[in-house]
Amino acid sequence: MSESRLFEVIFKLGGEEAVKIARQLKKMGRATEDDITKATGVNLNEVRKILFKLRSFSLVSSESVQDKNSGWLIYYWMLQPDRLESLIRSQKKRVLEKLEEKLAYEKSHDFYRCVNGPCGKIAFEEAVESFFRCPKCGGPLEHFDNTAVLEVLEREIRKLKEEMERE
Ligand SMILES: [Zn+2]
């Protein structure tokens with residue numbers, strides 16, 4: 001798993017500040033929220049918010065250690081880059097399922113669209129209900145050939161499957 005990929009995902013989840021925090025964790029190995037605040041200049045509340053978010057995706061983990069002098073628990077945070085791979089894989093799987101659902105829907109329906117332009121297409125059953133008039137503007141409906149849509153979906157599914165097999 002490349003490092004740039006890791007930071008790219010972290011950026012998507014929490015923006016520039018999350019990347020700052022993750023870089024700091026990488027540098028320090030493990031760090032407290034205070035350490036991170038001091039080193040990055042990101043305020044403590046924001047640091048916490050971002051850490052909890054990254055933890056919910058298993059990209060960071062925390063452990064508590066009892067301080068010998070004060071007896072207080074100290075929380076340390078660290079990066080967990082190895083979890084990224086499974087995160088990306090499960091996201092791809094979800095996307096694939098959505099695409100396959102959409103493909104099945106497109107394949108099993110006949111579509112109509114409004115001659116007036118961008119009102120969108122509707123399935124045959126709906127078109128019957130509205131007596132082949134556009135539900136949005138009342139214009140007449142014409143048959144819509146979804147072959148191109150099917151081709152795009154099939155291509156995307158193929159690409160994604162190949163990608164997942166390579167990994
Ligand atoms: Zn219309």
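Which residues have the most contacts inside the largest nonpolar core? They are Ile-10, Ile-21, Leu-25, Leu-51, Leu-54 and Val-60, in a core that has 18 residues. A nonpolar core here is a set of buried Ala, Val, Leu, Ile, Met, Phe, Trp, Tyr and Cys residues joined through C-beta atoms within 7 Å. A residue counts as buried if 20 or more other C-beta atoms lie within 10 Å of its own, as exposed if 12 or fewer do, and as partly exposed in between, with C-beta atoms placed from the backbone. Helix α1, helix α3 and strand β2 each supply at least two residues of this core, and α1 gives the most, with seven residues.

The model is predicted, and local features need pLDDT of at least 70, side-chain atom pairs count only at pLDDT 80 or more, and totals for chains, interfaces and linings use all residues. Residues are numbered from 1 along each chain as its sequence is written.

**Overall form**

The protein contains six helices and five strands, which follow one another from the N terminus in the order α-α-α-β-β-α-β-β-α-β-α. Helices (H or I, at least four residues) and strands (E, at least two) are DSSP runs, numbered from the N terminus. An automatic or database domain assignment supplies the domain bounds, dividing the protein into domain 1 (3-79) and domain 2 (90-166), whose C-alpha centres lie 43 Å apart. The radius of gyration of the protein is 25 Å, whereas a compact globule of 167 residues would have one near 15 Å; the radius is taken over C-alpha atoms, and the globule rule is 2.2 Å times the number of residues to the power 0.38. Along its principal axes, the C-alpha trace spans about 80 × 35 × 25 Å, and 16% of the 167 residues count as buried.

Just after α1, Gly-29 takes a positive phi of about 85°.

Leaving aside neighbours within four places in sequence, Leu-54 is in contact with Ile-10, Leu-13, Gly-14, Ala-18, Leu-59 and Val-60, where contact means that the C-beta atoms, placed from the backbone, lie within 7 Å.

A second, separate core of six residues includes Cys-114, Ile-122, Ala-127 and Leu-141. Tyr-112, in strand β3 (residues 111-114), is in contact with Ile-122, Ala-127 and Leu-141, among others, when neighbours within four places in sequence are left aside.

| Pair | Apart in sequence | C-alpha to C-alpha |
|---|---|---|
| Tyr-112 and Lys-12 | 100 residues | 38 Å |
| Val-152 and Ser-86 | 66 residues | 27 Å |

Conventions. Two residues are in contact if their C-beta atoms, placed from the backbone, lie within 7 Å.
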